[in-house]
Amino acid sequence: MKAIAKTRPEPGVEIIEVPEPAVRAGHVKIKLEAASVCGTDLHIYNWDAWSASRIKPPRIIGHEFCGTIVEVGDGVTERSVGDFVASESHIVCGHCLQCRMGQAHVCVNTQILGVDVDGGFASHAVIPWENARPTPKTVSPLIAAFQDALGNAVHTAYSGPIEGCNILVTGMGPIGQFAVSVCKAAGANAVYATEISEYRADIARQVGADRVFNPTSEDVVGELNRLHPGGIDGVLEMSGHPSQLSLACNVVRPGGRISLLGVYANNEQSIPVNDLIFKGIDIHAIVGRRLWDTWDQMSALLEGGKLMLEPVVTHVMHFTQFQEAMELMKAGKAGKVVFTFEE
Ligand SMILES: NC(=O)c1ccc[n+]([C@@H]2O[C@H](COP(=O)([O-])OP(=O)(O)OC[C@H]3O[C@@H](n4cnc5c(N)ncnc54)[C@H](O)[C@@H]3O)[C@@H](O)[C@H]2O)c1
Ligand SMILES: [Zn+2]
Ligand SMILES: [Zn+2]
């Protein structure tokens, strides 16, 4: 089969020809229908310091994908041939303290598909059965593929109240766009967004943002104070830009929450801690998806049919056009790039 792989410890990825992976105990074999490109794939493509320290080539990349189970390994009782499934990228150990306490999203032995083990940018993939999440067949493969990323948005949004709330989502990358859609579907009163790229701001409007502010040309604090003098109930920080962390601290109402998903270039950030204490703010640090509550919440949202996700899918292309996909991502001229796998 053909697969997209990092073959050497240097920038770039290439198409390689490898044998189809054989199913093994506790695993399922999936025939791919669609896959999507994540910011992490771009890091690996660029071979930044993180990927250089973590990835051992040759490695088939890709951790957001969906398809049909074509074989199940020994001992697998809860998945069957024919099931439509999507990937959860975190493979967890099931026996560390966190796993035992229902906090497997911070399992200390986490391995990531397409990073630590072979991923899904290939016609077939073999993954642990639990990582193959059953998905309603009514969901298009072009959407089912990116549930790993959508799950980041669901996890962040659902870490605090949404219904009837005024929410601000900062940074309209694909995950911020998903978060806007999730908050609208979950009954937020108003959902505001910030973004510096007009291309991405436009997608945010299409998925339901009531207003998108450009922090470089607008007085966001002033505007939000005028709209909601009491402050914003919940801020979801998804830009990874320090200015938006400050904005969050500034506009959140006393007793509100700030949920942080964005990752900053610098580990150390300055925030007005005493203000946050005296305002009684809940601050959540969010990683991955809760296993498996986030997936159950996401299934309910997808089945409810209220999520507006199509505008985020800006490009659909055959997986062999991966070079073009990576360049689009690099240029920031894409929402989600989704790969298809027809022969
Ligand atoms: N915690 C986790 O488990 C986890 C998982 C996936 C992604 N992430 C992080 O979440 C964030 C969102 O992911 P993504 O894939 O959507 O990333 P992305 O880089 O595509 O999106 C970030 C967006 O923020 C915008 N932005 C940058 N500076 C801004 C500013 N000053 N004001 C407003 N917007 C600004 C960018 O233009 C971009 O559209 C990233 O920081 C990513 O690293 C975290
Ligand atoms: Zn990802
Ligand atoms: Zn564990």
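Predicted model: local features only at pLDDT ≥ 70, side-chain atom pairs only at ≥ 80, totals over all residues.
Residues are numbered from 1 along each chain as its sequence is written, chains are lettered from A and ligands numbered from 1 in the order in which they are written, and side-chain values use heavy atoms, with hydrogens and water left out.

Let's start with two helices. Helices here are DSSP runs of H or I with at least four residues, strands are runs of E with at least two, and both are numbered from the N terminus. Helix α5 (residues 147–157) packs against helix α6 (residues 174–185) at about 55 degrees, with the axes 8 Å apart. The axes are lines fitted to C-alpha atoms over the stretch in contact, and angles run from 0 to 180 degrees between N-to-C directions. That makes α5 and α6 oblique to each other; angles under 35 degrees count as roughly parallel, over 145 as roughly antiparallel, 65 to 115 as roughly perpendicular and the rest as oblique.

Who touches whom? With contact meaning heavy atoms within 4.5 Å, α5 brings Ala149, Leu150, Asn152, Ala153, Val154 and Ala157, and these meet Ile175, Phe178, Ala179, Val182 and Cys183 in α6.

Phe178 turns up again in an aromatic pair, stacked with Phe146 at 4.8 Å centre to centre and 20 degrees between the planes. Rings of Phe, Tyr and Trp (its six-membered ring) pair if their centres lie within 6.5 Å, and planes under 30 degrees apart count as stacked, over 60 as edge-to-face and the rest as tilted. Because Phe146 sits in the loop between α4 (141–144) and α5 while Phe178 is in helix α6, the pair ties together parts 32 residues apart in sequence.

Now for a sheet. Three strands form an open one in the order β2-β1-β4, with antiparallel pairing; two strands pair if DSSP finds at least two bridges between them. β2 (14–17) and β4 (59–60) are at the edges with a single partner strand each, so one side of each has no neighbour in the sheet. Strand β1 (residues 2–6) pairs with β2 over four bridges, and Ile4 has Ile15 in β2 as its bridge partner.

Finally, the backbone. Most residues other than glycine have a negative phi, and most peptide bonds are trans. Pro57 and Pro58, though, are joined by a cis peptide bond with omega about 0 degrees, and Pro58 is in the loop between α2 (49–54) and β4. Another cis bond joins Leu291 and Trp292, with omega about 10 degrees. Trp47 has a positive phi, near 55 degrees, and lies in the loop between α1 (39–46) and α2.
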